[in-house]
Amino acid sequence: MKNGFFNSKSGIIIVFLIPAFILIGVFLIFPAFWEFYLSMTNESLMGISAVHPQFVGISNFIDVLTDPSFYNSLVVTFIFVLESAIIGQAGLGMLLSLLTYRKKIFRTLVQVVAVLAWIIPDSVVAYLWIAFLDKNAGTFNNLLALLGLARTNWFYRYPLTTIVIFNIWRGTAFSMLMFSAAFDMIPPSYLEVADVMGVSWWRKFKDIIFPNLKRVFFSDLILITLWTFNVFTPYLLTQGGPGTATEILPIYIYLNAFQNFKIGYGAAISVIVLLINLVLASVYFTLSKEKEGISL
Amino acid sequence: MNKIRVSSAINYIFLSVVAAFFIAPVIWLFVTPFSNSPSLSISLGTPTLENFGSVFQDPAAIYSFGNSVIIAVGVTLATVICASLAAYIFSRYHFHGSNFLIFILILFSNIVSGTAAMVPLYMLNISLGLINSYLGVILTIAGGGIPTSIFILKSFFDSIPKSYEEAALVDGSSYSQMLFHIFLPLSKKGIIVIATLSFISAWGNFLIPFILLSSQRTYPASVTIYNFYTEMGLPNIGLISAYALLYTLPVIIGYLVVNKIFGFSFYGGIKG
Amino acid sequence: MAWIELENITKNFGKVSVIKNLSLQIEKGEFVSILGPSGCGKTTLLRLIAGLEVADKGKINIAGTDVTFSPPNVRKIAMVFQNYALYPHMTVFKNISYPLFIKKIPADEIKQRVNTIADNLKISPLLDRYPQQISGGQQQRVAVARAMIQTPNVFLLDEPLSNLDAMMRIEARGFLKYLLDKIGTTTIYVTHDQSEAMALANRIVVMQNGIIQQVGSPKDIYDKPSNIFVASFVGNPPMNLLQATINSTQVKIGDQYLDIKESITNLRKPLQNGKVYLGIRPEHISIYHEDSKNDGPIVEGEIFVSEPLGFETIITVIVSDQQIKVIKFGGSKNLKPGEKIKLQFKKNKIYIFEFETGYRINEIQGDDYDDH
């Protein structure tokens, strides 16, 4: 053909795709596969194996799976995800969008404060919560004292509950925005007809709102579950402590790989986390694709 | 009638409590930097700008801010260039399974980028000689965010009718003239949104620089703030609060920009 | 060599074959309309000529140059898109001048040429506005101006009137014809609206399923449709097509025999006894009274409905379970549904189409345009 490479269709396609695919390939896809390899070595940042890592087969996995602290992390993570993401963020997000349906001023007000909590950078929100919950001077304990209640060191007395509530505070905005947008897509006439027929609010939710919301609902659940599963922010609040009370898997990986310098071991935990994530994602897909729909 | 009024009153009380829950921890951020006796409780005392003065006297605070700018601008450039080129192809040339590919990549980026891949990302940066460098941080953050950016840009590009580009070609412009005269100005909004979102996400990123950077001199503000309040000794609350506010402002401004273009419902999918 | 030559063009989108081995020649200065229903491949054909699509097979020549694989920008064409595709970020002036700007024509000359064309198209007051700020009809003129400011080998127009409302369309159609006649540049005009094609073109190309059904002057297409598709696509209301059986002298519709000797004197093909379609345009049917002169076969039917449209009335009549539309000029008194009625077909306006292929098999004679 007469035109040069850059004017030909396939030339443009290749040239335009290359930068993105190199970055994605090197910094996203390759690391995932390398992780599998690393998990089968005794790679370390310290000592002899730092120089000459060796292939050790599945022994890292055996170590991980026989380590009680791994199971502690696993349980902590599942509680954290279930309570803060699925029940907390999705539940509160749904509730808020329902309660502010067609109440523009209230919706905007709640959205603005929730979005503020959502967008402030990690290291700032962490300190805001440290300040907010400080036993002696924090705003929350000051309020309790005003009401005549005892001041409490929340990070020590209720560590997991505290980061659960922190994470609800942090992430509800996303679910609320998704659900609110989806509600607004439901033609008002659907709900008006239901009102005329005198349908109860629960049936309205179950028969009209939810079926129209299903896709958004599952996209939201997939995303917030994966995000919460992989969130590192609690580290900035508790470093996993006290003890191992808030040692969710990302913190557990970090501590093993970068504080104990056990790279291979850390990789093995990460591989397990990846697999759990994949299973969770595919469970959601299966559920969302079922024709009959999910009844709550 | 009464019943409805009671239930709507309960409704409004509940919403007010929730709003208070969201705003309460944040109030401190907007009050303490201006307080002459900064503490962990909220008290303004006599308003002052002294705390900002102490920020500008702290060298770590200043160069960290500069580091954050370098990293965030780098990520923004890398993301905007890579994602808009790729999104253009995905939007304009339909090939089988491209939607599925983007979808898988987004899923992958949500699963892999960040914590679950921190170990191989660290090793990768060592192998590439990028450890403890801005470039390593920039490329690592960009690589994780590009799939979502491609997705958002593609849906934006899809909404621009192809006939503008065709008209330009028929009017005699070459392919590159068409891209610069017609397509780029038309997709400006979408590109601004992606630039803003990737800037915000890189600006706020804590984990990647925390792992990949090892010298204080290279730390961005996210890591420096963390060091401020976890360092030994009494933290300088006035400095931290003022610094935190300055560090947060670009994020708030960025979201206002995105909101102006699309509304908040156009969610910041890059987060995470 | 013709000005534009399409030679054995084939174009597939995936498994769908959109253009099938199509050849067409267009002479310099012609105004050709490509007419067909949506999905017939007419827009694809135009886009192939523009270079926005590349043919899978075949050759395209424009002005003596093989442009089969050339990108649009070197083909020296100008195009008006169905949605006008006015650049939304440019003023009307910038839009019109864009083709000249690309050619690096000096600013003074651009300004002068834009002003001239804007005067011609009566859009001078709009030059500083943005496309979103002007009406649909004005947008259409701007799109035409952007095409006309060039001196192209050919104008390509893709349904340029279809986005206008019915009133505007008629007005814009007349104006377009006036302009294009004045300039005299070769024009290819794609439309699904047969009245536009009839009103504008010197030559009409009727397409269906990626194949050219007939090429001819508007009058030929109307008077001598080569097959059922063309016959039924051109004309409003369309030609009546009645299933019938035929022998050498008579045709039978239902249980009625019609004497059509004169219509089957000039057959291209020997007639086999069997099924045909009998075609007759609504305006070539009259209501038969005892005192009418006898100039064609007569059928009996029952009025189904009559729709008075002011000047004319469209009457639908059921004849042996088949519907026939009749245009009657003047009033519609005494045309009550259910009433018996006799219809007379104008004898030299009866078309016989082969049942299996749909092709017309009788010659139509005479150019006599009777007044109705």
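Strands here are DSSP runs of E with at least two residues, helices are runs of H or I with at least four, and both are numbered from the N terminus.

Before I go on, a word on conventions. This is a predicted model, where local features need pLDDT of at least 70 and side-chain atom pairs count only at pLDDT 80 or more, while totals for chains, interfaces and linings use all residues. Residues are numbered from 1 along each chain as its sequence is written, and chains are lettered from A and ligands numbered from 1 in the order in which they are written.

Back to S8(C), then. Which strands pair with S8(C) in the parallel sense? One is strand S3 of chain C, residues 31-35, over 5 bridges, and another is strand S7 of chain C, residues 154-158, over 4 bridges. Pairing here needs at least two DSSP bridges between the two strands. Thr187(C) has Phe31(C) standing opposite, and Phe155(C) stands opposite Thr187(C) as well. S7(C) leads through helix H5 of chain C, residues 166-183, to S8(C), making a right-handed β-α-β unit; right-handed means that, with the strands pointing away from the viewer, the path from the first strand over the helix to the second runs clockwise.

Now stay in chain C, but look at Ile62(C), which lies in strand S4, residues 57-62. Why does Ile62(C) count as buried? Because 23 other C-beta atoms lie within 10 Å. Leaving aside neighbours within four places in sequence, Ile62(C) is in contact with Ile4(C), Val67(C), Arg75(C), Asn153(C) and Val154(C). Contact means that the C-beta atoms of two residues, placed from the backbone, lie within 7 Å. Going from Ile62(C) to Phe329(C) covers 267 residues in sequence and 47 Å in space, C-alpha to C-alpha.

Next come two open sheets in chain C. One has 5 strands in the order S13-S12-S11-S14-S20, with antiparallel pairing. Its edge strands are S13 (256-259) and S20 (351-354), each pairing on one side only. The twist averages 40° from one strand to the next, using axes fitted as lines to C-alpha atoms, for helices over the stretch in contact, and angles from 0 to 180 degrees between N-to-C directions. Inside that sheet, S11 (residues 240-246) and S14 (residues 274-280) pair over 7 bridges, with Leu241(C) opposite Gly279(C).

The other open sheet also has 5 strands, in the order S15-S19-S16-S17-S18, again antiparallel. S15 (285-287) and S18 (322-329) each have a single partner strand, so one side of each is left without a neighbour in the sheet. Here the twist averages 45° from one strand to the next. S16 (residues 298-308) and S17 (residues 312-319) pair over 6 bridges, and Glu302(C) has Ile318(C) as its bridge partner in S17(C).

For chain C as a whole, we have 8 helices and 20 strands, and 39% of its 372 residues count as buried. Its C-alpha atoms fill a box of roughly 75 × 45 × 35 Å along the principal axes.

Finally, chains A and B. Their contact takes 71 residues from chain A and 73 residues from chain B. On the chain A side, the largest share, 15 residues, comes from helix H1 (residues 9-38).

The largest nonpolar core has 152 residues, and those with the most contacts inside it are Ala83(B), Ala86(B), Met118(B) and Ile225(B). A nonpolar core is a set of buried Ala, Val, Leu, Ile, Met, Phe, Trp, Tyr and Cys residues joined through C-beta atoms within 7 Å. Helix H3 of chain B, residues 59-92, gives the largest share of this core, 14 residues. A second, separate core of 105 residues includes Val170(B), Val67(C), Ala147(C) and Ile246(C).

Notes
Buried ≥ 20, exposed ≤ 12 C-beta atoms within 10 Å, placed from the backbone.
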